[in-house]
Amino acid sequence: MMPADAQLPSKQPVPRSARSRLAACTAAAALLQLDGTLITVALPSVAHGLHISTSSTSVLLSVYFATYGLLLMPGGELVDRFGARRVALVGLALFAVGAAAGALAGTFVELSVARLVQGAGAGLVSPAALAGAVSGFPPEQRGRALGIWGASAGMSNLLGPLLGGALTLALGWRADWWALVPLTIAAGLAFALLVPVIVHADKRDHPA
């Protein structure tokens, strides 16, 4: 039996910096999820605008997700070597460049290449954002951080079709790609300001 004077360990407080870091990292990850649903809604208009078959536009999703998936493991290794913030900022820069290139694309091939660049950026951002999101939380509270992470993905899946449909109807399919550019810049600024250069789950973070 537990002695009468024994006390249960108290829950460690979560620093405010960890909550801010979680918000920045979750926003970056939600952006990647938003991309898939946002672009999917625009595909019929893409087919009409570029004079291709509707079935051909599935390549735009396949290229993005294939590149994204292939770079997840190398991206994780880069996070271990160079830190979450550096890798995420490089990935977000690639993602923004790909989004702008997609908005300006004049042919289906150009748009496919732009999606490949976006997928490469996403493959770097995802492991970096996950590493940064949980790093400031004590072990017993990382589940809650991951829950918030998952909820953000669900919200992105809900908002993506609504935003994509509104932009496509009002401004055309290119607006869906243009919309990703300022969102990516905002995510990058939040990451740069709120995530330390080096994050470690069990050690003190080193500020920029």
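Q: Which residues does L111 touch, not counting residues up to four places away in sequence?

A: Contact means heavy atoms within 4.5 Å. Going by that, L111 touches V46, L50, L60, G102, A105, W173 and W177, with residues up to four places away in sequence not counted. A quick word before we go on: this is a predicted model, where local features need pLDDT of at least 70 and side-chain atom pairs count only at pLDDT 80 or more, while totals for chains, interfaces and linings use all residues. Residues are numbered from 1 along each chain as its sequence is written, and side-chain values use heavy atoms, with hydrogens and water left out.

Q: How many residues does the largest nonpolar core have, and which have the most contacts inside it?

A: A nonpolar core joins buried Ala, Val, Leu, Ile, Met, Phe, Trp, Tyr and Cys residues through side-chain atoms within 4.5 Å. Here the largest one has 49 residues, and L111 and W177 have the most contacts inside it.

Q: Which helices supply at least two residues each of this core?

A: They are α1, α2 (58–82), α3, α4 (108–135), α5 (142–171) and α6, with helices taken as DSSP runs (H or I, at least four residues) numbered from the N terminus. Helix α1 gives the most, with 14 residues.

Q: Let's look at α1, then. Is T26 buried or exposed?

A: Buried means under 20% relative accessible area, exposed over 50%, and partly exposed in between (1.4 Å probe, protein chains only). T26 sits in helix α1, which covers residues 16–50, and its relative accessible area is 9%, so T26 is buried. Setting aside neighbours within four places in sequence, T26 is in contact with I148, W149 and S152.

Q: At what angle do α1 and α2 pack?

A: About 160°, with their axes 10 Å apart; axes are lines fitted to C-alpha atoms over the stretch in contact, and angles run from 0 to 180 degrees between N-to-C directions. On the α1 side, the contact is made by L32, D35, G36, T40, L43 and V46, and on the α2 side by L60, L61, Y64, F65 and Y68. These residues divide into eight nonpolar, two polar and one charged.

Q: What lies in the loop between α1 and α2?

A: H51 is found there. Its phi is near 60°, a positive value in a residue other than glycine. With a relative accessible area of 71%, H51 is exposed.

Q: How do α3 and α6 pack?

A: Helix α3 (residues 84–104) and helix α6 (residues 174–194) meet at about 165°, and their axes are 8 Å apart. That makes α3 and α6 roughly antiparallel to each other. Their contact residues come out as 17 nonpolar, four polar and two charged.

Q: Which residues is W178 in contact with, leaving aside its neighbours within four places in sequence?

A: W178 belongs to helix α6, and its contacts are A100, A103 and L104. In sequence W178 and A100 are 78 residues apart, yet in space they are 6.1 Å apart, C-alpha to C-alpha. W178 counts as partly exposed, at 39% relative accessibility.

Q: How far apart are E77 and A128?

A: E77 and A128 are 51 residues apart in sequence and 9.8 Å apart in space, C-alpha to C-alpha. E77 is in helix α2 and is exposed, with a relative accessible area of 53%.

Definitions and conventions:
Angles under 35 degrees count as roughly parallel, over 145 as roughly antiparallel, 65 to 115 as roughly perpendicular and the rest as oblique. Ala, Val, Leu, Ile, Met, Phe, Trp, Tyr, Cys and Pro count as nonpolar, Asp, Glu, Lys and Arg as charged, and the others, Gly among them, as polar.
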